[in-house]
Each structure stands twice: as C-alpha cells, then as structure tokens.
Amino acid sequence: MTTIFDKILRKEIPAKVVLENEDVLAFHDVNPHAKVHVLVIPKHKMARFSDMVSVDEKIVGRFFKNVAVVASHLQLDEKGYRIVVNCGEHGCQSVEYLHAHILGGEQLPGWDG
Ligand code: 5GP
C-alpha cells in the first residue's frame, strides 16, 4: 500500500526535511503537537512497529540510532524529548508506514496529562 510517507520519501509530496541519510528521512510533522515535532521514517519500509519482529536487527538498530541522531541534530539533547511510536488501530496509528515521532523544544505534559 502506498502511503503519504512513501510519496514524501519519493519527493512526490513536499515536506520540511530535517535530515536525510542512507537509512532514514526526517521531516517536520504537518500538524505539530509540540514546539518541535519531527517524524523519522526508515527507508527500509515497514508498515508498523510490530513488523520489526521479522526484520534484521541491524535495520532496527540503525533506525533507532538515527532517531537519536535526528534529535541531536535538532539540539534537543540537553533538555530532552519524547519519542512516540503509534502501532496499529489501538495505538491510533494513522499512516501505515512505520514512523517515530520526536516531540520536544518545550516542557511536555507528564504521563497523567
Ligand atoms: P500517527 O498517528 O500515524 O502516529 O502519526 C502520523 C502523523 O503524520 C501525524 O502526526 C500527522 O500530523 C502526520 N502527517 C500526516 N500527513 C502528513 C503529511 O502529508 N506531511 C507531514 N509532514 N506530516 C503528515
């Protein structure tokens, strides 16, 4: 299934790109939920987080390392940030292309809201 993120990756749809390398593309979320809200997608396509069970751990490792690299690139390391990965229907995943949300740039609400 072709998703909006496939099209962003293929540059068929514009996005505010933060960082691109051989493993990932990172771009600003069109509907930010924090002062900084960036999405990171792997170039090795997986629809959901749960697909990682059957993917080489090097790909999984490179994806998460790159999430940290993007956050660092955004200068979020000192104050910190939140990583969110929604998975499937109960997780309210709306785009069926694995993506990590990086949220930060301000104090985020605690777990209880
Ligand atoms: P999910 O709910 O699947 O975890 O997150 C999907 C995210 O993708 C949402 O935060 C939504 O705002 C973002 N999004 C959806 N369509 C687009 C788009 O066309 N461009 C960008 N930059 N973000 C998008």
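In the predicted model, the lining of the second largest pocket comprises 3 nonpolar, 5 polar and 3 charged residues.

The largest pocket has a volume of about 460 Å³. Its lining consists of 22 residues, and F5, D29, V30, N31 and L39 are those that lie nearest the centre of the pocket. By class, the lining of the largest pocket contains 11 nonpolar, 9 polar and 2 charged residues. At least two lining residues are supplied by each of α1 (4-9), β2 (24-28), β3 (36-42) and β5 (100-104). Helix α1 provides the largest share, with 3 residues.

The strands were examined next. An open sheet is built from 5 strands in the order β1-β2-β3-β5-β4, with antiparallel pairing. Strands β1 (17-20) and β4 (81-84) form the edges, each pairing on one side only. On average, neighbouring strands of the sheet are turned by 20° against each other, direction ignored. Within the sheet, β3 and β5 pair in the antiparallel sense over 5 bridges, and V40 stands opposite A100 in β5. Helix α2, spanning residues 57-73, packs on the sheet and touches β1, β2, β3, β4 and β5. The direction of α2 makes about 150° with that of β3.

Definitions and conventions: Residues numbered from 1 in each chain as written. Predicted model: local features only at pLDDT ≥ 70, side-chain atom pairs only at ≥ 80, totals over all residues. Heavy atoms only, no water. 1 Å grid on protein atoms, 1.4 Å probe; cavity = no way out; pocket = protein on both sides within 12 Å on 5 of 7 lines; lining within 4 Å. Points joined across faces, edges and corners; volume = space filled by probe spheres on them. Helix = DSSP H or I, 4+ residues; strand = E, 2+ residues; numbered from the N terminus. Nonpolar A, V, L, I, M, F, W, Y, C, P; charged D, E, K, R; others polar. Pairing = 2+ DSSP bridges. Axes fitted to C-alpha atoms, helices over the stretch in contact; angles between N-to-C directions. Contact = heavy atoms within 4.5 Å.
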